[in-house]
Amino acid sequence: MSAEEKELRRFVTDARTHPEKYPPHGHDIADAVMPPGVPDFKSSGALTGIARAHSESLTHQDKHWVNEDQNLHRGPDRTLVWEPGQPMWQAGYRAWRAENVAVGFDTADKVVRFWMQDDAKWKWSHRNAILFDDWYTPDDIREAGFGYCRGGPWTHYWTLDMGRKTGSF
């Protein structure tokens, strides 16, 4: 992982461990606290490769296109990257898949704070994905990949791909 990807992992881990440090701005939703025994994300080389490739693909897109609808989550073929048949699915993550993407932020700290604290527009889906603990069983291994790319019209592109291989979606 690059230095930026390692920083993203560090801040995501901190957010999962200490969500109280990232209170949602403008909302009184209760801070989720990870239940005892829920493991942190295991780093996945496959998901990191997918996340990095996704960030890189966004550098080639027009700035306005990236901001439309869910285009941040669309791959080069314009499908959502977590859909069946797409990269996360092909890598075996079929039980649960989620993706957080941010553009324009120059540090991993700012990205994670945005996902955790300024996510009202997206109904807290980014925050919830980071704090996800539904369907937990002791055999579950939740994995994550951390992607960063510099370039393109937004300069900084960050992707957090998360998945679980057990069960069925």
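A salt bridge here is a side-chain nitrogen of Lys or Arg within 4 Å of a carboxyl oxygen of Asp or Glu. In this predicted model, the count by that rule comes to 6 salt bridges. One of them joins the side chains of glutamate 7 and arginine 10, at 3.0 Å from N to O.

**Helix H1 against helix H5**

- Helix H1 spans residues 3-17, and helix H5 spans residues 108-117.
- The two helices pack at an angle of about 35 degrees. Their axes lie 8 Å apart.
- The crossing of H1 and H5 is right-handed.
- H1 contributes Glu4, Glu7, Leu8, Phe11, Val12 and Ala15 to the contact. On the H5 side, these meet Ala108, Asp109, Val111, Val112, Trp115 and Met116.
- By class, the H1 contact with H5 holds 9 nonpolar and 3 charged residues, and no polar ones.

**Burial of H5**

- The buried residues of H5 are Ala108, Val111, Val112, Phe114, Trp115, Met116 and Gln117.
- These buried residues pack against H1, S2, S4 and helix H6 (125-131).

- Strand S3 (residues 142-151) and strand S4 (residues 155-164) run antiparallel, joined by 10 bridges.
- Alanine 144 has methionine 162 in S4 as its bridge partner.

- Glutamate 7 and arginine 10 both lie in helix H1. They are 3 residues apart, about one turn of the helix.
- Glutamate 7 has 31% relative accessibility, so it counts as partly exposed.
- Arginine 10 is also partly exposed, with a relative accessible area of 46%.

- Arginine 113 forms a salt bridge with aspartate 109. The closest N and O atoms are 3.2 Å apart.
- The two residues are 4 apart in helix H5, so about one helical turn separates them.
- Arginine 113 has a relative accessible area of 31% and is partly exposed.
- Aspartate 109 counts as partly exposed, at 25% relative accessibility.

- The side chains of lysine 42 and glutamate 143 meet in a salt bridge at 3.9 Å, N to O.
- This pair links distant parts of the chain, 101 residues apart. Lysine 42 is in strand S1, and glutamate 143 is in strand S3.
- Glutamate 143 is buried, because its relative accessibility of 11% is under 20%.
- Lysine 42 counts as partly exposed, at 46% relative accessibility.

Note on methods. Residues numbered from 1 in each chain as written. Predicted model: local features only at pLDDT ≥ 70, side-chain atom pairs only at ≥ 80, totals over all residues. Heavy atoms only, no water. Axes fitted to C-alpha atoms, helices over the stretch in contact; angles between N-to-C directions. Left-handed = near helix turned anticlockwise from the far one by under 90°. Contact = heavy atoms within 4.5 Å. Nonpolar A, V, L, I, M, F, W, Y, C, P; charged D, E, K, R; others polar. Pairing = 2+ DSSP bridges. Buried < 20%, exposed > 50% of the residue type's maximum accessible area, 1.4 Å probe, protein only.
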